Amino acid sequence: MNETAPVRLLIVDDEAALREPLAEYLSRQGFDVAQAASAAEARSQIRDDQNNGAAPDLVLLDIMMPGEDGLSLCRHLVESRAIPTIFLTAKGEATDRIVGLEIGADDYVVKPFEPRELVARIRSVLRRAGRSAAAPENELFEFEGWKLDPLKRRLIDPEGAIVAISSVEFRLLMAFLEHPRQVLDRDRLLDMVQGREAHLFDRAVDNQVSRLRRKIEVDSRNPQLIQTVWGGGYMLATDVKRTASA
């Protein structure tokens, strides 16, 4: 996110009666707001924006939309674009909210919502995303042959291949890399990765750890890097080296 330019938001919702007044309100709060009425339109717009160097800093995403739904689009955003996402959900979509958080969404707000609460959530998510990128621009984290470039949010395996990770997986891995060989309980991981305002719970942390293990462990069923500390939480059981990137 460019700190000298307004934060760029993309609202993806098929209901113009909600989308347009919300865009107007957020614009008055100082955000640069774009709109999309469908997942397909959002994909096209994000692709064009990224090609022009103006990708959104955060996406506000409805779950229930005609055609591709918000869950599918969210999975695409967090795995291939690393764009923070907040779901705008209906009261009856509790299961979908849980699924959304487990696949990597950063937060959710239930309709009808107070616009000021949404602004607070947006700013909170952006703070968390920015905190993860606070490492020096030329710094790499290295562990057991793996490399993580915080600036580019790029994870490279020991063979040199890039491994796609979601924004939540990135922040979770950063938490472990910044605290190697330390036991991090679930409450602390929630605060470091999602923030308490995201209304997450222990199972969501466990699911995200499982997803991360599947990407970096030789055998995720017998993890050697991210170990479970019974009654305590999780620990990265290896040393971490910080080096300057090329």
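Because the model is predicted, local features need pLDDT of at least 70 and side-chain atom pairs count only at pLDDT 80 or more, while totals for chains, interfaces and linings use all residues. Residues are numbered from 1 along each chain as its sequence is written, and side-chain values use heavy atoms, with hydrogens and water left out.

## The chain as a whole

The protein chain has eight helices and twelve strands; these are DSSP runs numbered from the N terminus, with helices being H or I of at least four residues and strands E of at least two. Of its 246 residues, 50% are buried, where buried means under 20% relative accessible area, exposed over 50%, and partly exposed in between (1.4 Å probe, protein chains only). The chain exposes about 11,600 Å², and carbon and sulfur atoms supply 47% of that; the areas come from the Shrake-Rupley method with a 1.4 Å probe, and for residues only the protein chains shown count as cover.

A contact here means heavy atoms within 4.5 Å. Take the contacts between residues at least 6 apart in sequence, and 61% of them join residues at least 24 apart.

The mean pLDDT (the predictor's confidence in each residue, from 0 to 100) is 82 for the protein chain, and 85% of the residues score at least 70.

## Two cores

A nonpolar core is a set of buried Ala, Val, Leu, Ile, Met, Phe, Trp, Tyr and Cys residues joined through side-chain atoms within 4.5 Å. The largest one has 25 residues, and those with the most contacts inside it are Leu148, Leu155, Phe176, Leu189, Ile216 and Ile226. Strands S6 (139–143), S7 (146–149) and S11 (233–236) each supply at least two of its residues, as do helices H6 (167–178), H7 (186–193) and H8 (202–216). H6 gives the largest share, with seven residues. Apart from this core lies another, of 22 residues, among them Val12, Leu71, Leu101 and Tyr108.

Leaving aside neighbours within four places in sequence, Ile226 is in contact with Phe176, Val209, Leu212, Arg213, Ile216, Glu217, Tyr234, Met235 and Leu236.

The expected span is 1.5 Å times one less than the number of residues, and the arc is that of the directions from the helix axis to the C-beta atoms.

| Helix | Length | Span, first to last C-alpha | Expected span |
|---|---|---|---|
| H1 (residues 16–28) | 13 residues | 18 Å | 18 Å |
| H2 (residues 39–51) | 13 residues | 18 Å | 18 Å |

In H1, the buried residues are Arg19, Leu22, Ala23, Tyr25 and Leu26. Seen down the axis of H1, they fall within an arc of 165°, so they line one face of the helix. The face turned away carries the exposed Ala17, Glu24 and Arg28, and just after H1, Gly30 takes a positive phi of about 100°.

In H2, the buried residues are Ala39, Ala42, Gln45, Ile46 and Asp49. Down the axis of H2 they fall within an arc of 125°, so they too line one face of the helix.

## Loops worth a click

A cis peptide bond joins Lys111 and Pro112, with omega about -10°. Pro112 is in the loop between strand S5 (107–110) and helix H5 (115–132).

Glu144 is not a glycine, yet has a positive phi of about 50°. Glu144 is in the loop between S6 and S7 and counts as exposed at 52% relative accessibility. Arg181, also not a glycine, has a positive phi of about 60°. Arg181 is in the loop between H6 and H7 and is partly exposed, at 47%.
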